[in-house]
Amino acid sequence: MNKFEQLLRVNHIKVTPQRLRIVEELYGHVHMSIDELYQAIKKKFPTISLATIYKNINAMIEKGFILEVQIPNQKSKYELVKPSHSHVVCQTCGKVEDITLDLDTIAHKAANLTHYQIKEEALVLSGLCPACKAG
Ligand SMILES: [Zn+2]
Ligand SMILES: [Zn+2]
């Protein structure tokens, strides 16, 4: 049993070759849109449909195993669930990177302003990545 199969099993997700492939791709690329995943998975499973990928992704989101990262003006990216973190996004090439920020002060302020109980602290910051800035 490889580590991806083990990951699925400990999260009580039924192991299928397609799901294993999705997890492997996300592990390798960190953040992928549904289209990027579709292109990657199709190489190994030429008959797989976009709907099947959506169905598998959603099943794994429900189990709390995959996270949908919603990005303004861009299609969502998907990633394997990790400790809470923020994202920087390039507005030109769409590259997404993880960043760990201390958001306690912001969360505290937000709670005071809105009277919400803040449970998750994550931000999406966007701009130009070093490559696009240079280009
Ligand atoms: Zn860029
Ligand atoms: Zn991330």
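Reader: Which residue stands opposite Val89 in E5?
Author: In this predicted model, Val89 stands opposite Val96 in E5, where helices (H or I, at least four residues) and strands (E, at least two) are DSSP runs numbered from the N terminus. Another position to look at is Ser86, whose bridge partner in E5 is Ile99.

Reader: How many bridges join E4 to E5, and how do the strands run?
Author: Strand E4, residues 86-90, is joined to E5 by 4 bridges, and the two run antiparallel; two strands pair if DSSP finds at least two bridges between them. In their hairpin, which has 5 residues between the strands, Gly94 takes a positive phi near 80 degrees.

Reader: And what order do the strands of that sheet have?
Author: The order is E5-E4-E6, in an open sheet of 3 strands with mixed pairing. Strand E5 (96-99) and strand E6 (124-127) each have a single partner strand and stand at the edges, so one side of each is left without a neighbour in the sheet. From one strand to the next the twist averages 25 degrees.

Reader: Before we go on, how should I read the numbering and the confidence limits?
Author: Residues are numbered from 1 along each chain as its sequence is written, while chains are lettered from A and ligands numbered from 1 in the order in which they are written. Because the model is predicted, local features need pLDDT of at least 70 and side-chain atom pairs count only at pLDDT 80 or more, whereas totals for chains, interfaces and linings use all residues; side-chain values use heavy atoms, with hydrogens and water left out.

Reader: Now the metals. Which residues coordinate the zinc ion, ligand 1?
Author: Cys90, Cys93, Cys129 and Cys132 coordinate the zinc ion (ligand 1), each through SG, at 2.3 Å. Donors are N, O and S atoms within 2.8 Å of the metal (3.2 Å for Na, K and Ca), and water is not among the atoms, so sites may look incomplete. Along the chain these donors follow the spacing C-x2-C-x35-C-x2-C. Cys90 lies in strand E4 and Cys132 in helix H6 (residues 130-134), so the pair ties together parts that are 42 residues apart in sequence.

Reader: What makes the arrangement tetrahedral?
Author: The 4 donor atoms around the zinc ion (ligand 1) subtend angles of 104 to 115 degrees, which makes the arrangement tetrahedral; four donors count as such if all angles lie between 85 and 135 degrees. For four tetrahedral donors the ideal angle is 109.5 degrees.

Reader: Is Cys90 buried or exposed?
Author: Cys90 is buried, with a relative accessible area of 3%, whereas Cys132 counts as partly exposed at 21%. Buried means under 20% relative accessible area, exposed over 50%, and partly exposed in between, with a 1.4 Å probe and protein chains only.

Reader: Which residues coordinate ligand 2?
Author: The zinc ion (ligand 2) is coordinated by His31 (NE2), Glu79 (OE), His85 (NE2), His87 (NE2) and Asp98 (OD), at 2.0 to 2.3 Å. Among these residues, Glu79 is buried with a relative accessible area of 0%, and His85 is buried at 10%.

Reader: What about the sheet with E1, what order does it have?
Author: It is an open sheet of 3 strands in the order E1-E3-E2, with antiparallel pairing. Strand E1 (32-33) and strand E2 (66-69) stand at the edges with a single partner strand each, so one side of each is left without a neighbour in the sheet. E1 is joined to strand E3 (residues 77-80) by 2 bridges, and Met32 has Tyr78 as its bridge partner in E3.

Reader: Switching to helices, which residues of H1 are buried?
Author: In helix H1 (residues 3-10), Phe4, Glu5 and Leu8 are buried. They cover an arc of only 100 degrees around the axis, which puts them on the same side of H1; the arc is that of the directions from the helix axis to the C-beta atoms. The buried residues of H1 pack against helix H2 (17-29) and helix H4 (50-62), contact meaning heavy atoms within 4.5 Å.

Reader: Last one, how many helices and strands does the protein have?
Author: The protein has 6 helices and 6 strands, and of its 135 residues, 33% count as buried.

Methods
Axes are lines fitted to C-alpha atoms, for helices over the stretch in contact, and angles run from 0 to 180 degrees between N-to-C directions. Four donors count as tetrahedral if all angles lie between 85 and 135 degrees; four count as square planar and six as octahedral if opposite donors are over 155 degrees apart and all others between 65 and 115; anything else is irregular.
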